[in-house]
Amino acid sequence: MARNFELSASDQTKTRRCFLGQRHVATLVGFLTCYLQTSNRIVAGVAIVAMVKHRQLNETSTWNSSEISCPLPSTPPESVIKSSFQGEFDWSTQLQGVLLGLGSLSYLLAQIPAGRLADVLGSKPILVYSNAATGILTLISPFAARWHIYAFIAVQFIKGATQGCGFPALYKMTSNWIPRNERGTLSTLMVCGYSVGMAVTGIVTGWLCDIPGLGWPSAFYIWGAITFFVSVGFHFIYYETPSEHPWITAEELKFITDGLETKASKKQPPTPWKKIFTSMPCYAYFYGLAGHTYGFVHFFTVQPTFMGTVLHYSMAENGLASCLPILISTVSGVLSSMASHWITKKNLIRIDTLRKIATGSSALGFSLCMAGILLAGCDAIINILFFALSLFSLGIALAGIVISGVDMAPVFSGSIMGVAAFVSGISSTLVPVVAGLLTTHETLSEWRIVFWINLVVVGSSGLVYVLFGSAEVQPWNYPEGEDITKEIRHKDQNMKLMDNKSTEIEEQQ
């Protein structure tokens, strides 16, 4: 049952002092969900190197003199795999691609129905059961692989679908728990779980696969068990809405509810699909997020290939450089979220303007860095410099396009995020396909076409969102068709007045 509280003027001042509370527990749940989703997706991609038998081949490079290519280093690096662990499966590279790709396909297909389920059932059951199912499927993966290849394929496909259910639920949780003026900070901290999970899982899984007596199965056992037990913990510490939480304080409850755009209701209204798919801000949001995803996925999928085949980085150098995007994007995401929180707290500009500035700056910065890479040619140092700056620019969008869907329609955030994730998933699957089709000879001139495409896609997506997107609450967000944007702005103004009053009291003291 919902809980209502009336606070005095002094209590309202205390409301602004709710630094730590149950909304931060919800943020931790979101962070761990992102972390574990990434861990359970990456473990197969890393462990498969130790699972399959590798044929040691001498690397030879054949360059077409009519093509622009970078010169080979004077001392070519060795390309022999130096691991003492011998794989036990004789799977072809085509079959390995199917294994890794099916999980991404089912993840993509689950987005839209999962978004609707999150709106109807709520975020808690989706997060608890999807994480538990993911953990169990990861745990049984070694048994499935040793039983039959098709059993392993089936496990990977189902696991991808369970992971796809969690992503839209996170946005539903955000709309229920995170106040509008803290959304830039706390939502960004949630999303940082993806990059942290990618870094930690890659290092730990590779280390586990090389331990004699443990090998690759231990990675599946450990990550699967951790995911399952954490999901059980979610059941006890996370509640669907602040009003349902038995331990939340009156001050924090009012602080959260005053900062939300949603109206508590036991009955979830039907999703206005017709209005969503006839809304220009929605299309601008879908394309803006798809463009951001396209640029981000490039650095995690095909950029290492460019550095190895064109710039001739050694395996050790390439591996070290591959960690760069994780660190850089996390740093810029945290910094942008802190700036977003400070700006919204001071109510300096509207949320809509803030989201557009962050998105536009991110797209522009990335496009300029792509131009820098195009001009850098074979200069490895300049390439790495613009490589790092590109990821720094993309991280800024964590305070922009990445969370603007919740601002636009918090009541139907799960459904909208499901569609956006589906479109972004299509975008991400195109990255390796396009690069593979365009770089058959692995020359610099071919890769320049790839960088031009990145520049156009990401740059245009940012421009489209700035011109046609919106972070304002849409009228169709409410079943009665009531536009309460003025009410929200009135809340923001009251919160600003409370901030100013609190500051005056502190100065007097």
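**Aromatic pairs, a buried histidine and a nonpolar patch**

Trp 216 and Phe 220 are 4 residues apart in helix H9 (residues 215–237), so about one helical turn separates them. Helices (H or I, at least four residues) and strands (E, at least two) are DSSP runs, numbered from the N terminus. The model is predicted: local features need pLDDT of at least 70, side-chain atom pairs count only at pLDDT 80 or more, and totals for chains, interfaces and linings use all residues. Residues are numbered from 1 along each chain as its sequence is written, and side-chain values use heavy atoms, with hydrogens and water left out.

Trp 216 is buried at a relative accessible area of 0%. Phe 220 is also buried, at 0%. Buried means under 20% relative accessible area, exposed over 50%, and partly exposed in between (1.4 Å probe, protein chains only).

The whole structure holds 12 aromatic pairs. Among them, Trp 216 and Phe 220 are edge-to-face, at 5.9 Å centre to centre and 90° between the planes. Rings of Phe, Tyr and Trp (its six-membered ring) pair if their centres lie within 6.5 Å; planes under 30 degrees apart count as stacked, over 60 as edge-to-face and the rest as tilted. Ring pairs join Trp 216 and Phe 220 with Phe 89 and Phe 152 in a cluster.

In helix H20, Trp 447 and Phe 451 are 4 residues apart, about one helical turn. Trp 447 is buried at 2%. Phe 451 is buried at 1%. Their ring centres lie 6.2 Å apart with planes at 35°, so this pair is tilted.

Both residues also touch His 298, whose contacts beyond four places in sequence are Gln 303, Val 431, Trp 447, Val 450, Phe 451 and Asn 454. Contact means heavy atoms within 4.5 Å. His 298 lies in helix H12. Its relative accessible area is 0%, so His 298 is buried.

The patch covers about 680 Å² and consists of Phe 277, Met 280, Tyr 283, Leu 463, Val 466, Leu 467 and Phe 468. Patch residues have over 30% relative accessible area and no salt bridge; like charges are joined within 9 Å, nonpolar side chains (Val, Leu, Ile, Met, Phe, Trp, Tyr) within 5 Å. A salt bridge is a side-chain nitrogen of Lys or Arg within 4 Å of a carboxyl oxygen of Asp or Glu. H20 supplies the largest share, 4 residues. Met 280, in H12, is partly exposed at 49%.

Key
Areas by Shrake-Rupley, 256 points an atom, 1.4 Å probe, with all protein chains shown as cover.
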